[in-house]
Amino acid sequence: MTEENQSTGGFGKEEEEWIKAQRAREAERQKRKSRKGGGDDTGAVNINSLMDIMVIMLVFLLKSYGEEPIRAMDEDLKVPRSNSLVTPEDMMTVSVTRTEILVNDRWVVDVRDGEVDPSHISGDGDLRIEPLLDSLTTAVERSREESEILGEDWEPHITVIADQITRHRLLLQVLFTATEAELSDFRFAIIQTTSEALGGFGGD
Amino acid sequence: MARKKRDEIGQTEDLDLAPFMNLVIILIPLLLLSIVFMEVAIIQVQMPLGGSATTDSEEIDEEKLDLSITMSNSGFYISASGAILPPIEGCPTEGPTICVKDQGLDMETLLDEARQRMLAGNLEAGEDRMEQALLNYNFRELYNMLTGFKADFPDEEAVRLSADSDIPFALTVRVMDVSRFMLEEESYDDDEAFWAATFQTEMDYDEETGRDVERPVVLFGSPAFAVHQ
């Protein structure tokens, strides 16, 4: 390689001749080597079919990656199992993980030991989570505008992706706050399973 | 320069796929890891605007069922037509309508341990404990009782759910699962038969396709949330 680079740098004729000769010799040596090895075909592994498989897999995986409307599993999130059969749709989400609350995958407030810090909570019966109300209101406004532009009726849907161990109290606070942001139709994300598995019989 | 170009053309080689292969090989495990091999579905729940958070100010109509299930660490308190039902046979008289199977099990500690383990990153151990706690609830008796109400109030589908503040979301979901559809039988004596039972179905006209489709028969399929204070 270095020889080639240098040749572009402007050598004398003699040196160029020498380089050419060197290359010819190298090519000769290569030829002899491959002849000794007994046929060219056996030298390299044919990866064409492997490539085909890889490309098909890649396309398939990318497709299924894009399709998933809800992320139900994460480091600190696993939604409960249920035998519900309703399929999810793409819509506004509020996630309640073990460590934080997110609206449309954006951080809103921290959760510590299953509770939101009392300084963020207000309202009758301590049910309103202030930062959550703010971000939900903003999200609702934006989604209203979107539906207006698209000429659709806005519906007060929200998907609640809550961890299985979420305290009932926290869940109620989230739901109550959402109703204050004019959202009343909740969809809880769950992982589908069979009734047998729920009852502890049979496999997962 | 001209000569160099000629040289390169002279060296006819295969397309160099190595960088592309590297990319593909890295992308595939990455995407495989991110895939959750689980079907995600949803449960639909309504909550009136402003929150049905505080108990109804409406007068309770005697004719209405007004069914509500309250989940606690010791079992389910069930109230219908404005009155909490007395404990069923085999449960302590001063307790929930349907008590847990093993009264000796300390549910509070168990759930607390489950939560601590999950927070510490040990999901499996946490789930084991949570599942143990959930299986201690007597869902079979709950179902048997709900079908009894359904026989008296065939048009009622609403059920109000409330719970103690530390009850995990998973239990709420399971109660909704049990109360959603009718199973083949109206009552079960055996846990295994109960969980293995399939939904009772009926033929229903589907407006979208304009054809009759088979649908599960709804038991109490419209859950709502309320606060237990």
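Modeller: In this predicted model, helices α5(B) and α6(B) cross in the right-handed sense. Helix α5 of chain B covers residues 139-152 and helix α6 of chain B covers residues 169-180. Their axes come within 9 Å and cross at roughly 40°. An angle under 35 degrees would count as roughly parallel; α5(B) and α6(B) are therefore oblique to each other. On the α5(B) side, the contact is made by B:Phe139, B:Leu142, B:Tyr143 and B:Leu146. On the α6(B) side, B:Arg174, B:Val178 and B:Ser179 take part. Sorted by class, this contact of α5(B) with α6(B) has five nonpolar residues, one polar and one charged.

Chain B has another pair of helices to set beside this one. Helix α3 of chain B spans residues 107-119, and helix α4 of chain B spans residues 123-135. The two axes come within 7 Å and cross at roughly 160°. Angles over 145 degrees count as roughly antiparallel, so α3(B) and α4(B) are roughly antiparallel to each other. The crossing of α3(B) with α4(B) is left-handed. From α3(B), the contact draws on B:Met107, B:Leu110, B:Leu111, B:Glu113, B:Ala114, B:Arg117 and B:Met118. From α4(B), the residues are B:Leu123, B:Ala125, B:Gly126, B:Arg129, B:Met130, B:Gln132 and B:Ala133. Nine of the residues in the contact of α3(B) with α4(B) are nonpolar, two are polar and three are charged.

Next comes the meeting of the two chains. Here 56 residues of chain A are in contact with 52 residues of chain B. On the side of chain A that touches chain B, at least two residues each come from α3 (48-67), β10 (157-162), α5 (168-180), β11 (185-192) and α6 (195-198) of chain A. The largest share of that side, nine residues, is supplied by α3(A). By class, the side of chain A that touches chain B has 29 nonpolar, 18 polar and nine charged residues.

Strand pairing also joins the chains. β11(A) pairs with strand β1 of chain B, residues 40-46, in the antiparallel sense over seven bridges. In this pairing, A:Phe188 has B:Ile43 of β1(B) as its bridge partner.

Strand β5(A), residues 100-103, and strand β6(A), residues 106-112, run antiparallel and are joined by four bridges. A:Glu100 stands opposite A:Asp110 of β6(A). The hairpin of β5(A) and β6(A) has two residues between the strands, and A:Asn104 takes a positive phi near 50° there. β6(A) then pairs with strand β7(A), residues 115-116, again in the antiparallel sense, over two bridges. A:Val111 has A:Val116 of β7(A) as its bridge partner. The hairpin of β6(A) and β7(A) also has two residues between the strands. In that hairpin, A:Asp113 takes a positive phi near 50°.

Finally, the domains of chain A. The chain is divided into domain 1 (2-36) and domain 2 (73-195). The C-alpha centres of domain 1 and domain 2 of chain A lie 69 Å apart.

Definitions and conventions:
Residues numbered from 1 in each chain as written. Chains lettered and ligands numbered in written order. Predicted model: local features only at pLDDT ≥ 70, side-chain atom pairs only at ≥ 80, totals over all residues. Contact = placed C-beta atoms within 7 Å. Nonpolar A, V, L, I, M, F, W, Y, C, P; charged D, E, K, R; others polar. Pairing = 2+ DSSP bridges. Axes fitted to C-alpha atoms, helices over the stretch in contact; angles between N-to-C directions. Parallel < 35°, antiparallel > 145°, perpendicular 65-115°, else oblique. Left-handed = near helix turned anticlockwise from the far one by under 90°. Domains from an automatic or database assignment.
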